[in-house]
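I am keeping these notes while I look through a structure that is new to me. Each entry records what I looked up and what came back.

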Amino acid sequence: MSLLGSSANSHKERYSLLWRWHIDAPLLLGILLLMAFSLLAVYSAGGESLALVKRQAVRFGAGLVVMFVLAQFEPRTFRQWAPALYLVGIIFLLGVLFFGESSKGAQRWIDIGIRFQPSEIMKLAVPLMLAWYFADKALPPNFMQTVGSLVLVITPVVLIMLQPDLGTSLLIAASGLFVVFFAGIRWRYIVGALLLAAVLIPLMWYFVMHDYQKGRVLTFLNPERDPLGAGYHIIQSQIAIGSGGIYGKGWLNGTQSQLEFLPERHTDFIFAVIGEEFGLVGIVLLLALYAFVIVRGVYISLQGQETFSRLLGASLILTFFIYIFVNIGMVSGLLPVVGLPLPLISYGGTSIVTLMAAFGILMSIQTHRRLHST
């Protein structure tokens, strides 16, 4: 009994230590397992390049540092930062339009000594700002409050669409609209917004969307219309996923990826590599890890002590879910290709740091709640 008691006490002390450092152990475990999965997948998808794996590991390390630092701040600090961060993000987005750097037909980057993509700031700034906006208001919001919140969402979304970056703009819109939804927006407003969207979609098609964006939609509806051009990515991705079967072809043994038939295999289309090499079993394992992180994030959000924390946490974790859903949907041919990485799995830089910052905020919501309740 003494040995069992000693083991239990040791586990409690380790958990207590993480708690004191404002780290949520279950959420951290899920994140680390996803990172390990990523390093295996990137090594294979990147042509067995150790240099690629090392760079990914360094980015994970930087992301963990950002997560740890942000977890030390109380949620009220993020609430104080929200307006300033949102304003800075808007200024940078305006700077992109006038002074931004172009790449592959899009003007999304700005260089101020450090070259970065300001739209990444808005992935955090928009839900922070909306949670701040509703924090002291009586909920559900009235009509004018709802209109005000939509203006806060639409402003950065339009600026990002002008770059153009339709995929990121829609996801940032979703992150803000999640806050509006959880604030208790009345259903008649939601129905009205859906009807308005139905009217605006044809107008967007003819007057807003660029030719390459229209091509992605048409390719989604029929990849065979251009099998060696716009449809090539989807066709090769579907072949890779389908050929993996139940157990996959084995790590490093995927034909579509190893023989370089599959484009963007270590970034946006890494899910196809996982499907080919690890099969249905690997896909289910990956989805289970994602589900664990999402469920933990939802639990943390529901346990938030004030409106700001609950709204912000729910938006961050559900935006994480949308990223997963959209990437897997586009790689599987169920959604149009929008150029989004698979969270914590795809090789990347800024997106990893942004995600880890969001997890740092979630950990702050959880651990500071516990500290105040003891």
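Entry 1, a starting residue. Where is the place of Leu150? I found Leu150 in helix α6, which covers residues 143-161. Is Leu150 buried, partly exposed or exposed? Leu150 counts as partly exposed, because its relative accessibility is 31%. I also looked up its distance to Ala173: the two C-alpha atoms are 9.3 Å apart in space, and the residues are 23 apart in sequence.

The average pLDDT of the protein chain is 84, and 89% of the residues score at least 70. Which residues have a pLDDT that stays under 50? Those are residues 1-8, and the model gives them 0 contacts beyond four places in sequence. Where pLDDT is low, the predicted coordinates should not be read in detail. I therefore leave the detail of such coordinates alone.

Entry 3, overall counts. I looked up the secondary structure and got 14 helices and 3 strands for the protein chain. The chain has 374 residues, of which 47% count as buried. Its accessible surface comes to about 18100 Å², and carbon and sulfur atoms account for 69% of that. I then turned to contacts between residues at least 6 apart in sequence: 72% of these join residues at least 24 apart.

How many residues does the largest nonpolar core have? I read 93 residues, and the ones with the most contacts inside it are Ile31, Leu286, Phe320, Ile345 and Phe359. Helix α13, residues 307-331, gives the most to this core, with 14 residues. In soluble globular proteins, nonpolar side chains tend to be buried together. I picked Ile345 and listed its contacts, leaving aside neighbours within four places in sequence. Among them are Leu34, Phe37, Val42, Ile270, Ile274 and Leu286. The list for Ile345 also includes Ser38, Gln56 and Tyr290.

Which residues form a nonpolar patch on the surface? I found Leu17, Trp21, Val65, Phe68 and Val69, which together have about 470 Å² of accessible area. Helix α3, residues 50-71, gives the most to the patch, with 3 residues. Leu17 is found in helix α1, residues 2-20.

The structure holds 5 salt bridges, and I looked at some of them. One is between the side chains of Arg79 and Asp136, at 2.5 Å from N to O. This pair links distant parts of the chain: Arg79 is in helix α4 (residues 75-99), Asp136 is in the loop between α5 and α6, and they are 57 residues apart. Asp136 is exposed because its relative accessible area is 68%, whereas Arg79 counts as partly exposed at 24%.

Another salt bridge joins the side chains of Glu74 and Arg76, at 3.1 Å from N to O. Glu74 is partly exposed, with a relative accessible area of 21%. The cut-off for buried is under 20%, so Glu74 does not count as buried. Arg76 is exposed, at 56%.

Are Glu120 and Lys123 buried or exposed? Both are buried. They form a salt bridge, and their closest N and O atoms are 2.8 Å apart. Both lie in helix α5, 3 residues apart, about one turn of the helix.

Most residues other than glycine have a negative phi, and most peptide bonds are trans. I looked for departures from this. A cis peptide bond joins Leu139 and Pro140, with omega about 5°. Pro140 is in the loop between α5 and α6.

His22 is not a glycine, yet its phi is positive, near 65°. I located His22 in the loop between α1 and α2, and it is buried because its relative accessible area is 11%. Leu344, also not a glycine, has a positive phi of about 65°. Its place is in the loop between α13 and α14. Leu344 is buried as well, with a relative accessible area of 2%.

How values were computed. Residues numbered from 1 in each chain as written. Predicted model: local features only at pLDDT ≥ 70, side-chain atom pairs only at ≥ 80, totals over all residues. Heavy atoms only, no water. Patch = residues over 30% accessible without salt bridge, like charges linked within 9 Å, V, L, I, M, F, W, Y side chains within 5 Å. Areas by Shrake-Rupley, 256 points an atom, 1.4 Å probe, with all protein chains shown as cover. Salt bridge = Lys/Arg side-chain N within 4 Å of Asp/Glu carboxyl O. Helix = DSSP H or I, 4+ residues; strand = E, 2+ residues; numbered from the N terminus. Core = buried A, V, L, I, M, F, W, Y, C linked by side-chain atoms within 4.5 Å. Buried < 20%, exposed > 50% of the residue type's maximum accessible area, 1.4 Å probe, protein only. Contact = heavy atoms within 4.5 Å. pLDDT = per-residue confidence, 0-100.
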